[in-house]
Amino acid sequence: MVLQSQACWGAIERTDKNKRIERKKAMDLQGSAVAAWLAEACLRYNRRALPVASIESSPTIYPFILGGSTAYLLSKCSALEMRVDSAG
């Protein structure tokens, strides 16, 4: 079911009579409201604070690219709180 769903979404493609699976190019959300929602969903799924720089590379974001500045996207989410620490 998971592979079939990902094939329907355009994330993977089955080749060689369904014997091979190829990962397709990630979909760029271009900093839209959906990208902000997805970034927030990623944080809620992880149930812990994450560095802003690591959110877009998180496996939970696949098969999407948030696009634009992740920090800016998250700053528009009123349900989240961003903090600066000495690690950057």
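Mentor: E40 and R44 are four residues apart in helix 2 (residues 33–46), so about one helical turn separates them. This is a predicted model: local features need pLDDT of at least 70, side-chain atom pairs need 80 or more, and totals for chains, interfaces and linings use all residues. Residues are numbered from 1 along each chain as its sequence is written, and side-chain values use heavy atoms, leaving out hydrogens and water.

Trainee: Why is the contact between E40 and R44 called a salt bridge?

Mentor: Check the distance. A salt bridge needs a side-chain nitrogen of Lys or Arg within 4 Å of a carboxyl oxygen of Asp or Glu. The closest N and O atoms of E40 and R44 are 3.0 Å apart. That is within 4 Å, so the term applies.

Trainee: What makes E40 buried or exposed?

Mentor: Relative accessible area decides. Buried means under 20%, exposed over 50%, partly exposed in between (1.4 Å probe, protein chains only). E40 has 17%, so E40 is buried.

Mentor: Elsewhere, salt bridges with shared partners join D16, R20 and E22 into one network.

Trainee: How do you know that R20 bridges E22?

Mentor: Their closest N and O atoms are 2.6 Å apart. That is within 4 Å, so they form a salt bridge. D16 and R20 also meet in one, at 3.6 Å, N to O. The structure holds three salt bridges.

Trainee: How accessible is R20?

Mentor: R20 has 42%, so it counts as partly exposed. E22, at 32%, is partly exposed.

Trainee: What makes helix 2 a helix?

Mentor: A helix is a DSSP run of H or I with at least four residues; a strand is a run of E with at least two; both are numbered from the N terminus. Helix 2 has 14 residues, so it passes the length test. Its first and last C-alpha atoms are 20 Å apart, close to the expected 20 Å. The expected span is 1.5 Å times one less than the number of residues.

Trainee: How do you know that strand 1 and strand 2 pair?

Mentor: Pairing takes at least two DSSP bridges between the strands. Strand 1 (residues 12–15) and strand 2 (residues 20–23) have four, so they pair. They run antiparallel. R14 stands opposite I21 in strand 2. Four residues lie between the strands of this hairpin, and D16 takes a positive phi near 50°.
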